[in-house]
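Here's a quick tour of a protein chain for someone new to reading structures. Have a look at the fold first, then work through the points below.

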Amino acid sequence: MVAVPRPKASKKNDGAKKANGDPENDEDAAQTRHDRQHRTEDKESPPRSWWEALNVDQDASPEQIKSAFRKEISKYHPDRVEGLGIELRELADRMAKDVNRAYTLAKQLRNFR
């Protein structure tokens, strides 16, 4: 068996391979994708008004607002979403905070406890 010598790759080629390599393995590319993903997540839709978050009319009575708050907040209670995946639990947490903010704002604007 005769051994055939293989040509040696130049240093220039090795550098080109790294620069044009698979972006999945490149840490800088991975960080860029990560940053891009978080930037899109940070862009939230405009905040909903308190009556939309509580699912009531804008001129709802305090009793209707309290009832709607209890109904909406129960949907996102940690005990209810316990068995769901991490993403859904985080979504439920954000929704619960949104409902709590809406209820607090409604109480302040309507002057009731």
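**The chain at a glance**

In this predicted model, residues 24 or more positions apart account for 49% of the contacts with a separation of 6 or more in the protein chain, where contact means heavy atoms within 4.5 Å. The protein chain has five helices and zero strands; helices (H or I, at least four residues) and strands (E, at least two) are DSSP runs, numbered from the N terminus.

A word on ground rules: residues are numbered from 1 along each chain as its sequence is written, and side-chain values use heavy atoms, with hydrogens and water left out. Local features need pLDDT of at least 70 and side-chain atom pairs count only at pLDDT 80 or more, while totals for chains, interfaces and linings use all residues.

**Surface and burial**

- Of the 113 residues in the protein chain, 19% are buried (under 20% relative accessible area; exposed is over 50% and partly exposed is in between, with a 1.4 Å probe and protein chains only).
- The accessible surface of the chain comes to about 9800 Å², and 50% of that belongs to carbon and sulfur atoms (areas come from the Shrake-Rupley method with a 1.4 Å probe; for residues, only the protein chains shown count as cover).

**Helix α5**

- Helix α5 takes in residues 86-110, so to speak 25 residues, and reaches 36 Å from its first C-alpha to its last, close to the 36 Å expected at 1.5 Å a residue (the expected span is 1.5 Å times one less than the number of residues).
- Buried residues in α5 are Ala92, Ala96, Asp98, Val99, Ala102, Tyr103 and Ala106, and their cover includes α3 (50-54) and α4 (62-75).

**Helix α4**

- With 14 residues, α4 reaches 20 Å from first C-alpha to last, close to the 20 Å expected.
- Ile65, Ala68, Phe69 and Glu72 are buried in α4, and they line one face of the helix because they fall within an arc of 105 degrees seen down its axis (the arc is that of the directions from the helix axis to the C-beta atoms).
- On the other side of α4, Glu63, Arg70 and Lys71 are exposed.
- The buried residues of α4 pack against α3 and α5.

**The nonpolar core**

- The largest nonpolar core has 17 residues, and Trp50, Leu54, Val56, Ile65 and Tyr103 touch the most other members (such a core is a set of buried Ala, Val, Leu, Ile, Met, Phe, Trp, Tyr and Cys residues joined through side-chain atoms within 4.5 Å).
- Helices α3, α4 and α5 each give two or more residues to this core, and α5 gives the most, with six.
- Ala106, in helix α5, has a relative accessible area of 0%; leaving aside neighbours within four places in sequence, Ala106 is in contact with Trp50, Leu54, Ile65 and Phe112.

**Aromatic rings**

- The structure holds three aromatic pairs (rings of Phe, Tyr and Trp, with its six-membered ring, pair if their centres lie within 6.5 Å; planes under 30 degrees apart are stacked, over 60 edge-to-face and the rest tilted).
- Phe69 and Tyr103 are stacked, because their ring centres are 4.1 Å apart and their planes are at 10 degrees.
- That pair links distant parts of the chain, with Phe69 in α4 and Tyr103 in α5, 34 residues apart.
- Tyr103 and Phe112 have ring centres 6.4 Å apart and planes at 70 degrees, so this pair is edge-to-face.
- Phe69, Tyr103 and Phe112 form one aromatic cluster.
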